[in-house]
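Please look over the sequence and the model below before reading on. A short report on selected sites follows the display.

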Amino acid sequence: MSPVSDQSGTTGASYAAAGVDIEAGDRAVELMKEWVKKAQRPEVLGGLGGFAGLFDASALKRYERPLLASATDGVGTKVDIARQMGVYDTIGHDLVAMVMDDIVVCGAEPLFMTDYICVGKVHPERVASIVKGIAEGCVLAGCALVGGETAEHPGLLGEDDFDVAGAGTGVVEADRLLGADRIRKGDAVIAMAASGLHSNGYSLVRHVLLNQAGLALDARIEELGRTLGEELLEPTKIYSLDCLALTRTTEVHAFSHITGGGLAANLARVIPDTLHAVVDRSTWTPAPVFDLVGRTGRVERLELEKTLNMGVGMMAIVPAESVDAALATLGDRGVDAWVTGEITDRGEHTTGAELVGDYAA
């Protein structure tokens, strides 16, 4: 539609003149369709373009008492690293991980996800690239991408600025729900290695490495073995299917997704009031990027530990007799995992979890 003119020849206001390009949005939808098709499950009905995504709930009839689990999240200021590097096809992995790995913590199977992408200006290829990453992440998590929204916010965001968020749903049988009430004294704590910084703490990381130290994203950092930007944009590992495999092959009492707040605080969220988790730092060596942030910014260890994952992305709490089976299952799936602690009485401790000892050299 052309801008409207009055009799004096003056062109009136239009959506396009206000900065919103409907045609570019339509083009983005066309480009993303092929990727959304790759992230499907048999329960999904209809295709991309409707007002709502449809999921056939009759598939839940096989459950005695199905509990739906839901979560929503974003990836924080990591999106600014993607923007500066002009790399848009990995940030979606981060989004899926942040949402679906929260859902799997209770033992729920991820079912479907929706996304929200907000941009200053729609660049169809960029939006499609973001959706490509989300779709690929959904495949890794075993869920379907059933829909989403792309919003153009000119005047509020710069032309190259964007943000992403997502919401997901999963299902778990009521009598298989994992959590604090299953944990017992003597249980073992198993750590699963992170792929890097994941998607938390980037405000600190950016402040220290980019603002204070003035490091360039394209600078090769020898201790990292690649450029700083490549390290910071490493996608968050998605553990959903690995965790579900554990629940099928051995007894699991609880999981803890290590995100904002660090390892101890997230682990404490699943520990009952009468018990305490002790995690031994000497059982692993954090990746070099954690030392880089700490050393460069003179960040104290406790501050690092309450901000970053320190190399552990997911934890499983299992009975001592299940340790060998759990480690074997994770090893078969290519997950680097190890026993890092145990569950004890709460005693005089005021928190549900603590880190002890020093990291291995």
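## Basis

This is a predicted model. Read every distance and angle here as a value computed from that model.

## S129 in helix α4

S129 sits in helix α4, which spans residues 124-141. Is S129 buried or exposed? Its relative accessibility is 18%. The cut-off for buried is under 20%, so S129 counts as buried.

Beyond its neighbours within four places in sequence, S129 touches Y88 and D89. V87 is 42 residues away from S129 in sequence. In space, the C-alpha atoms of S129 and V87 are 8.6 Å apart.

## D101 in helix α3

D101 belongs to helix α3, residues 91-103. D101 is buried, yet it has no salt bridge. Which side chain of opposite charge is nearest to D101? It is that of K237, at 8.3 Å. A salt bridge needs a side-chain nitrogen of Lys or Arg within 4 Å of a carboxyl oxygen.

The side chain of D101 does have a polar atom 2.9 Å from a backbone nitrogen, that of Y239. Leaving out neighbours within four places in sequence, the contacts of D101 include the run K237, I238, Y239 and S240. V96, H257 and M314 are also in contact with D101.

Strand β14 covers residues 353-356. A353 and L355 make up its covered face. E354 and V356 make up the uncovered one. In a regular strand, side chains alternate between the two faces of the sheet.

β14 pairs with strand β11, residues 275-280. The pairing is parallel and runs over four bridges.

## Aromatic pairs

How many aromatic pairs does the structure hold? There are four. One of them joins W284 and Y359, with ring centres 5.3 Å apart. Their planes meet at 70 degrees, so this pair is edge-to-face. The two residues come from distant parts of the chain, 75 residues apart. W284 is in the loop between β11 and α9 (288-297). Y359 is in the segment after β14.

Both partners are buried: W284 has a relative accessible area of 5%, and Y359 has one of 18%.

Notes:
Residues numbered from 1 in each chain as written. Predicted model: local features only at pLDDT ≥ 70, side-chain atom pairs only at ≥ 80, totals over all residues. Heavy atoms only, no water. Buried < 20%, exposed > 50% of the residue type's maximum accessible area, 1.4 Å probe, protein only. Contact = heavy atoms within 4.5 Å. Lys, Arg positive; Asp, Glu negative; His and termini not counted. Polar contact = N/O pair within 3.5 Å; in protein donor to acceptor, adjacent residues only side chain to side chain. Pairing = 2+ DSSP bridges. Phe/Tyr/Trp six-rings, centres within 6.5 Å; stacked < 30°, edge-to-face > 60°.
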